[in-house]
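User: Could you walk me through this structure, one question at a time?

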Amino acid sequence: MTDELPDTTSDATHSRMGALTSRLPEMSGKTKAILAVSGILIVVIGYFILQALVPRSWGRHVASEINESITRGILYGLGYGLLGSAVTLILLYFAYVTIGRYRNILSWSLLVLALASTVPNLMTLGVVIGNGSGAVAGRQALDGHAVGFRGATLVGLIVGIIIGLAVDFYLLGRRRAKAKAEAGS
């Protein structure tokens, strides 16, 4: 004897899904291949353009904001590193918790915000480890006018990861304790 679950979807749901899929055009294999190759080309071209422009402009932007102040360089670095990592981890936790609710709009929004909050750290990383002309120009700008920024960003990043993970584990523990208490009631 097998345990089969009854079909809980209504005929209206099937008819809506059928109407939706019948309006979508079918793509041939050739069209799919052209779209795939076009997408890959756009990503590769975008990568090379961004590799040249982003590190240079980010280095210049940070250098102009800090303007040769060691204190400001350290504070900006700590702020970008700390907020970029802690906020990202906390937003990722809330995105994970909200998956399956609100038609995942909230989850996707939180994921986009998490990605946006880590962008300054990624741009700084591109300046530090990049080997293109843009990264070299960005490093020179940071070395000359943003003293202490790179090191402080690393310290802020490490502290932010520790804080973000601590908050995530605390919230996860509270969530489990609440679920355990409700199950025991």
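**Fold and contacts**

Analyst: Gladly! In this predicted model, residues 24 or more positions apart account for 74% of the contacts in the chain with a separation of 6 or more.

User: How much of the chain do buried residues make up?

Analyst: Here a residue counts as buried when its relative accessible area is under 20%. The chain has 185 residues, and the buried share of them is 24%.

User: Are helix 3 and helix 4 roughly parallel or roughly antiparallel?

Analyst: Two packed helices are described by the angle between their axes and the distance between the axes. For helix 3 (residues 70-97) and helix 4 (residues 105-129), the axes come within 8 Å and cross at roughly 165°. Angles over 145 degrees fall in the antiparallel class, so helix 3 is, relative to helix 4, roughly antiparallel.

User: What is the handedness of the crossing, and which classes of residue make the contact?

Analyst: Helix 3 passes helix 4 in a left-handed crossing. Helix 3 contributes residues including Tyr-80, Gly-84, Leu-91 and Phe-94, while those from helix 4 include Leu-110, Ala-114, Ser-117 and Asn-121. By class, this contact of helix 3 with helix 4 has no charged residues, eight polar and 11 nonpolar.

User: Is Asn-121 buried or exposed, and which residues is it in contact with?

Analyst: Asn-121 is found in helix 4. Its relative accessibility is 9%, so Asn-121 counts as buried. Leaving aside neighbours within four places in sequence, the contacts of Asn-121 are Tyr-80, Gly-81, Gly-84, Ser-85, Thr-153 and Leu-157.

User: How many salt bridges does the structure hold, and which side chains meet there?

Analyst: The structure holds one salt bridge.

User: How do Arg-150 and Asp-143 count by relative accessibility: buried, partly exposed or exposed?

Analyst: The partly exposed class lies between the buried limit of 20% and the exposed limit of 50%. Arg-150 has 29% relative accessibility and therefore belongs to that class. Asp-143, at 46%, likewise counts as partly exposed.

Conventions. Residues numbered from 1 in each chain as written. Predicted model: local features only at pLDDT ≥ 70, side-chain atom pairs only at ≥ 80, totals over all residues. Heavy atoms only, no water. Salt bridge = Lys/Arg side-chain N within 4 Å of Asp/Glu carboxyl O. Buried < 20%, exposed > 50% of the residue type's maximum accessible area, 1.4 Å probe, protein only. Axes fitted to C-alpha atoms, helices over the stretch in contact; angles between N-to-C directions. Helix = DSSP H or I, 4+ residues; strand = E, 2+ residues; numbered from the N terminus. Parallel < 35°, antiparallel > 145°, perpendicular 65-115°, else oblique. Left-handed = near helix turned anticlockwise from the far one by under 90°. Contact = heavy atoms within 4.5 Å. Nonpolar A, V, L, I, M, F, W, Y, C, P; charged D, E, K, R; others polar.
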